[in-house]
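These are my notebook entries on a single structure. I record what I looked up and in what order.

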Amino acid sequence: MNQVLSRYLPSHAVEPAFMLIRDNNVHLKVVNERRTRHGDYRRMPDGTQQITINANLNQYRFLITLVHEIAHLLAFEKYGRRIKPHGREWKLTFRNLMLPFIHPEIFPSKLLPLIARHFKNPTASSDTDARLSIALKSFDQPNDKNYIFEVPAGALFRIYNGKVFKKGPRRIKRYECLEVNSGKIYLFQPNAEVELIKA
C-alpha cells in the first residue's frame, strides 16, 4: 500500500496516510477522472468502507481528498448516519484529521497559509474556496483550459459536457453566464476551468 500511496502523495504524508487507511479499515480505490467529484466514500453492503479517489489529482489535492473522505467515515461512525454529510460534525472531524498534515514538510510554503485559512471552516469542496483551488491547480499538469475569471466579458466558452456559454457580469462572487442554446442564465465560480472559444 505504501508503494501505491507514494505515487500519489507527498513523501512525508505517505506513512501517516497509510496509518489512517489501515486503522480505519479503508479499501482505497484509485479510479479514472470523474468530472463531478474528486473522490467519494461509501459503506458497502458487506460492511467494508470504500473510498475512491481520482488518479489525475496532484499530490496535494489527492491528500486533501483522501482525508476529506476518511473524515466522512469517522464522522458517521462517531455521530451516526443522520448527520449532514458536510455539517458541523464532519467539519470538526476533517479539521482535526488534517492538522498533522499542515506543515512545510508536506505542503509548499505558498499553499500553507491558504490551507490553514481554509481549515478554520472547511467547505464541502476545496473547489469552492477559489483562492485555494487556484493555488492547488498550479500544481496540476498544464492544460489548454482557462479560468472563468480570465475569460473576457462577452466571450464564448465551452464546458466539459460541450455546452457553450457567453460570459456575463460578476454577481458578488460568481459570474452570470448565458447558455447559448437555451438562453438560461447559470452562475459559475471564478475558478471554474473552461475552454475559451476563439473568435
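**Entry 1. Aromatic pairs**

How many aromatic pairs does the count come to? I treat the model as a predicted one throughout. The count comes to eleven aromatic pairs, where ring centres within 6.5 Å make a pair.

I then looked up Trp90 and Phe94. Their rings form a tilted pair, with 4.9 Å from centre to centre and 40° between the planes. The tilted label follows because planes under 30 degrees apart count as stacked and those over 60 as edge-to-face. Trp90 and Phe94 are four residues apart in helix H4, and about one helical turn separates them. I noted the background: an α-helix has 3.6 residues a turn, so residues three or four places apart point the same way.

Are Trp90 and Phe94 buried or exposed? Trp90 is buried, its relative accessible area being 0%. Phe94 also counts as buried, at 1% relative accessibility.

I also recorded one aromatic cluster, which is formed by Phe157, Phe165, Tyr186 and Phe188.

**Entry 2**

In what order do the strands of the open sheet stand? The sheet has three strands in the order S1-S3-S2, and its pairing is mixed. Strand S1 (26-31) and strand S2 (39-43) are at the edges; each has a single partner strand, so one side of each has no neighbour in the sheet. From one strand to the next, the twist averages 20°.

I checked the pairing of S2 with strand S3, residues 49-54: it is antiparallel and runs over five bridges. Gly39 stands opposite Ile53 in S3.

Which helix lies across the strands? Helix H3, residues 59-79, lies across S1, S2 and S3, and it runs at about 160° to S3.

**Entry 3. Helix H2**

I listed the buried residues of helix H2, which spans residues 14-23: they are Val14, Ala17, Leu20 and Ile21. Why do I describe them as lining one face of the helix? Viewed down the axis of H2, the buried residues fall within an arc of 130°, and therefore they line one face. These residues pack against helix H1 (2-8), S1, H3 and helix H4 (88-98).

With neighbours within four places in sequence left aside, Leu20 is in contact with Val67, Ile70, Leu97 and Phe101. I also noted a separation of 21 Å between the C-alpha atoms of Leu20 and Asp46, which are 26 residues apart along the chain.

Just after H2, I found that Asn25 takes a positive phi of about 55°.

**Entry 4. His118**

Where does His118 lie? I located His118 in helix H5, residues 112-118. His118 counts as buried, at 5% relative accessibility.

Which residues is His118 in contact with, leaving aside its neighbours within four places in sequence? I recorded Thr123, Ser126, Asp129 and Leu132 as the contacts of His118 under that condition.

Conventions: Residues numbered from 1 in each chain as written. Predicted model: local features only at pLDDT ≥ 70, side-chain atom pairs only at ≥ 80, totals over all residues. Heavy atoms only, no water. Pairing = 2+ DSSP bridges. Axes fitted to C-alpha atoms, helices over the stretch in contact; angles between N-to-C directions. Contact = heavy atoms within 4.5 Å. Buried < 20%, exposed > 50% of the residue type's maximum accessible area, 1.4 Å probe, protein only. Arc of directions from axis to C-beta. Phe/Tyr/Trp six-rings, centres within 6.5 Å; stacked < 30°, edge-to-face > 60°.
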